[in-house]
Amino acid sequence: MVSDYLVRTNPDKIFLLCDAETKKYCLPRISDIPFSHLLEMPAGESAKTLETCERIWNELTEHGATRRSVLFCLGGGSLTDLGGFVASVYQRGITVVYIPTTLLCMVDAGIGGKNGINLGGLKNYIGTFRMPDAIFIDPNFLLTLSDEEWTNGKAEVIKHALLSGNGWNDIEGKGFPKKDDIPSWTRIIEANTLFKQKITTADFAENNIRAMLNFGHTAAHALETLYLNNGKILAHGRAVAAGMIIETMAAEALQICENGLSHTVKKIVLPLFERVDYTEKDIAELNIIAAKDKKSVSGSVVCSLISAIGKPCEPVSIPEPIMTKAWLQYLHDTL
Ligand SMILES: NC(=O)c1ccc[n+]([C@@H]2O[C@H](COP(=O)([O-])OP(=O)(O)OC[C@H]3O[C@@H](n4cnc5c(N)ncnc54)[C@H](O)[C@@H]3O)[C@@H](O)[C@H]2O)c1
């Protein structure tokens, strides 16, 4: 309970960060946070900027936030990524508590202490590793989520199932539960949270096994950056869905996994996620962006792949011709 947490920690001031959607849909559901000041930021990925952070730091200062204050973050991954970063450096770090309100944030973004903002078109280029001091998850928040945001969250659930093997048979056999089946979603969220927590606790600073969680993400971040460079936003979940197919195609070309694994991934992903649009002409730019990714080594594209369902591999350097082939294959095989 949030109220017990507040009694135990006794902060001098309570700040609550929300966006217009979470203010409208989620704030009315929480009555036990006696916040002294409500901070509001724009919703979504485009708000993950230094400018938004500066505005919040200024508001915290104006309203007397000290090192004994707490910042509650009520929202999805964009809001917790930014709120976590804001809190981690404000006066060298104040207490931060997450109340995730999207599926993606409950199963992934809110867990593990990676936070950050975008630098121009570069995804999550500025940030810190800093665990939230507490996380309160209530799956009932999901009832107001749009279909598109539900689907986005499913991408990370699929990723965890591909990495761990757990839950894959259910997804392949039955698909996902209906939106309002909160008991089933509660079980899925619990299993996914525990999986991510186990990996990130074992390797907080991503020196070894945590890197597996980047499966699909090198390609996904390149696609999201390509969109940002063109003034558009590509939803993270949709990008990860495409990224898992593209990187599995690269794994097949490198004979890291058996031929046919990308087809298995495609069979689950394509009915759920709209195909990501790019053209053959964009591929050179995608390779350049992917080589600038935080995970790249000496300018070469690095991906965390799987050799089979439930079998993650160490990060692999992908030669440019193989990456180009995978980008092309996705374009042709998903038509
Ligand atoms: N830190 C990590 O480890 C990590 C992992 C995965 C993704 N991410 C980041 O997460 C971000 C994506 O997060 P997201 O998918 O949660 O989207 P989001 O935070 O951008 O939210 C999407 C939209 O849903 C609205 N919304 C949130 N909760 C709602 C609710 N309960 N009802 C109605 N509307 C609601 C928001 O206001 C917003 O308009 C990306 O920036 C991505 O980079 C971070």
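A word on the model first. This is a predicted model; local features need pLDDT of at least 70, side-chain atom pairs count only at pLDDT 80 or more, and totals for chains, interfaces and linings use all residues. Residues are numbered from 1 along each chain as its sequence is written.

Let's start with the domains. The chain is assigned domain 1 (2-144) and domain 2 (155-333). Those bounds come from an automatic or database domain assignment. The centres of domain 1 and domain 2, taken over C-alpha atoms, are 26 Å apart. Where they touch, 20 residues come from domain 1 and 22 residues from domain 2. Contact here means that the C-beta atoms of two residues, placed from the backbone, lie within 7 Å.

What supplies the side of domain 1 that touches domain 2? Helix H5 (103-109) and strand E6 (122-129) each supply at least two residues. H5 gives the most, with four residues. A note on names: helices (H or I, at least four residues) and strands (E, at least two) are DSSP runs, numbered from the N terminus. By type, this side of domain 1 has ten nonpolar, seven polar and three charged residues. Nonpolar covers Ala, Val, Leu, Ile, Met, Phe, Trp, Tyr, Cys and Pro; charged covers Asp, Glu, Lys and Arg; the others, Gly among them, are polar.

Now the sheet. Five strands form an open sheet in the order E2-E1-E3-E4-E7, with parallel pairing. Strands pair if DSSP finds at least two bridges between them. Which strands sit at the edges? Strand E2 (37-41) and E7, and each pairs on one side only.

Look at strand E3, residues 70-75. Strand E1 (residues 14-19) is joined to E3 by four bridges, and the two run parallel. Leu-16 stands opposite Phe-72 in that pairing. Six bridges join E3 to strand E4 (residues 95-100), also parallel. There, Cys-73 stands opposite Tyr-98. Tyr-98 also has a bridge partner in E7, namely Ile-135. E4 and E7 are joined by two bridges and run parallel.

Is E3 enclosed or open? Six of its six residues are buried, so E3 is largely enclosed by the rest of the structure. Buried means that 20 or more other C-beta atoms lie within 10 Å of the residue's own; exposed means 12 or fewer, and partly exposed is in between, with C-beta atoms placed from the backbone. In a regular strand the side chains alternate between the two faces of the sheet. In E3, Val-70, Phe-72 and Leu-74 point one way, while Leu-71, Cys-73 and Gly-75 point the other way.

On to the core. A nonpolar core is a set of buried Ala, Val, Leu, Ile, Met, Phe, Trp, Tyr and Cys residues joined through C-beta atoms within 7 Å. The largest one has 90 residues. Those with the most contacts inside it include Leu-71, Phe-72 and Cys-73, along with Leu-223 and Ala-242. Helix H10 (residues 236-253) gives the most to this core, with ten residues. Where does the core lie? Domain 1 and domain 2 both give residues to it, so it lies between them.

Stay with Leu-223. Leaving aside its neighbours within four places in sequence, Leu-223 is in contact with Leu-234, Ala-239, Ala-242, Gly-243, Val-276 and Tyr-278.

H10 itself is mostly covered: 17 of its 18 residues are buried. How far should H10 span? At 1.5 Å a residue, its 18 residues should span 26 Å, and its end C-alpha atoms are 25 Å apart, which agrees. The expected span is 1.5 Å times one less than the number of residues.

Last, the loops. Gln-255 follows H10, in the loop between H10 and helix H11 (261-269). Its phi is positive, about 55 degrees, although Gln-255 is not a glycine. Gln-255 is exposed, with 9 other C-beta atoms within 10 Å.

Gln-91 is in the loop between helix H4 (77-89) and E4. Gln-91 also has a positive phi, about 50 degrees, and is not a glycine. Gln-91 is partly exposed, with 14 other C-beta atoms within 10 Å.

One more: Asn-140, in the loop between strand E7 (134-135) and helix H6 (147-164). Asn-140 counts as exposed, with 12 C-beta neighbours inside 10 Å. Asn-140 and Thr-186 are 46 residues apart in sequence, yet 9.1 Å apart in space, C-alpha to C-alpha.
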